[in-house]
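Here's a quick tour of the charged side chains in this structure. Take a look at it first, then read on.

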Amino acid sequence: MLTPAFELSQDPAFLILTIRVPYTRTSEFDLYIDGDDFKFYAKPYFLRLTLPGKIVEDGREKATFDIDKGLFTLRVPKETAGEHFEGLQMLTSLLAPKGSRSAKPLVEDMACSGIMDGEEEDDEDEFDWQVEQEVYMDTSEEQLKELQKYGFGSQRSGVFTRLQEELSDVIDIRNPDGTTASERRRKRLDAETSIFCPDHYLADLFEDEEIQGLLKFRPWWSDLCPDSIRQGEAAVSFTDDEKEQLRKFTNHSYILDKKSRFQVWLSLVDIILAYCYELRTTEGEHNVESPWTIRKLSGTLCWLETYSSLQEVLVSFGRRVLCYPLYRHFSLVSAAVQDAAQIFQSGKACVLKCLLDIHKVFRENEPAYILNDLYITDYCVWIQRIGAAVPVGLSVSLQQTKRTESPGLECSLSSAYALSRSSSTVKPLENSISLISVSQGDETAEGHLWLSAFQSASLFPSTAVHWSQMSA
């Protein structure tokens, strides 16, 4: 556990404790007050102090939490009003366990401290409230400049410097503060290559009865069908819980240059795509796996990825759908793209409602809540402040996936995936970003298309050859 930064001050009647606990869940703080013994716990932070005077809980204590600054402030009454507490600036001494301010004896009697006369050690270890603590050291501005950027608009750094061990289950990249964006991408691609299972893919391709049922699911936004963005905005309603969460957000502006603003939009598409897949595969009922699915399918959330084009987002999402979740079928990629297109077409109120749902999913999950602080909360505030619902270029690209001429597989791929570089049994793709449609019943063409596209990217060459032999 981490020792947070803290300060102590006083007035004649109260002791004031200010504890810095960024990236914690605001609903989960534990306090223990007993005379000169004070304990504070908010995962992953733990603080234990031995105070120079006694404090009491008598109903006058008051606590506040500043979400933006991550500051927890507690005012606790002194047992004796007017008493002056000495040494509140001696932080190391305050951190020392009670009774340990003198040197330890050089020789200790261990006869009664361990196992005696065949006694067995208790199987259940009790929590060590005297865990070793260290004085918190802030990262200097010079050190922060050397760290890599990530989060909303690439405006965060240093978050994982001390929290890597506690947040290892949230993101896949190790040492993100010391890993460049290009290195993160390379490692993400390598991880996808190593984990892709052709047998799982082919099993879902041929035994797809359950998947076909998921494809028939109609998410809540499918009933909007607005004739205009304005009508779509009016059609979206928010629950009382969602309105309460909106009131809790802090309204502030975001300074983004043109490049950062475009990357923010692309990351938003990536997150919404992952959400669309999760909602469809759970048929609108989130479960304990929902936080994992959303963050795992989003390169933004799982690898702190930044994208430079829409096709990069779509290819990344498609790869991850075929590598990680329970259902690995390309028709689900197509369905998620179409769902995302409709969400953005329906206006920013529809996008905001999806973001609030994601925020709730992560808020209720122990490790994933950090993703709200890094991305989702900022998106919830930013999307309300923008003037337009979606950039024109991005809107057009997404709307293309809504064409009704072919109800089957649709996805945008770049010319880099020209199938002329792969299996000779498949026709090459069009140059530039192309809309590829395969009839819903032609699963052989579907398998050729997707696996050959991966082969041209040198991802699954052996799988593509194996598929060609099976479908011949």
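**A buried charge and some salt bridges**

A salt bridge here is a side-chain nitrogen of Lys or Arg within 4 Å of a carboxyl oxygen of Asp or Glu; for charge, Lys and Arg count as positive, Asp and Glu as negative, and His and the chain ends aren't counted. This is a predicted model, where local features need pLDDT of at least 70, side-chain atom pairs count only at pLDDT 80 or more, and totals for chains, interfaces and linings use all residues. Residues are numbered from 1 along each chain as its sequence is written, and side-chain values use heavy atoms, leaving out hydrogens and water.

**Around Asp177**
- You'll find Asp177 in the loop between α3 (160-163) and α4 (181-195); helices are DSSP runs (H or I, at least four residues) and strands likewise (E, at least two), numbered from the N terminus.

**Salt bridges**
- The whole structure holds 16 salt bridges.
- Arg188 and Glu192 pair up at 2.9 Å, N to O.
- These two are 4 residues apart in helix α4, so about one helical turn separates Arg188 from Glu192.
- Arg188 is buried at 4% relative accessibility, and Glu192 is buried at 0%.
- Lys353 bridges to Glu242, with the closest N and O atoms 2.8 Å apart.
- That pair links helix α14 (residues 348-363) to helix α8 (residues 240-248), 111 residues apart.
- Both Lys353 and Glu242 are buried.

Definitions and conventions: Buried < 20%, exposed > 50% of the residue type's maximum accessible area, 1.4 Å probe, protein only.
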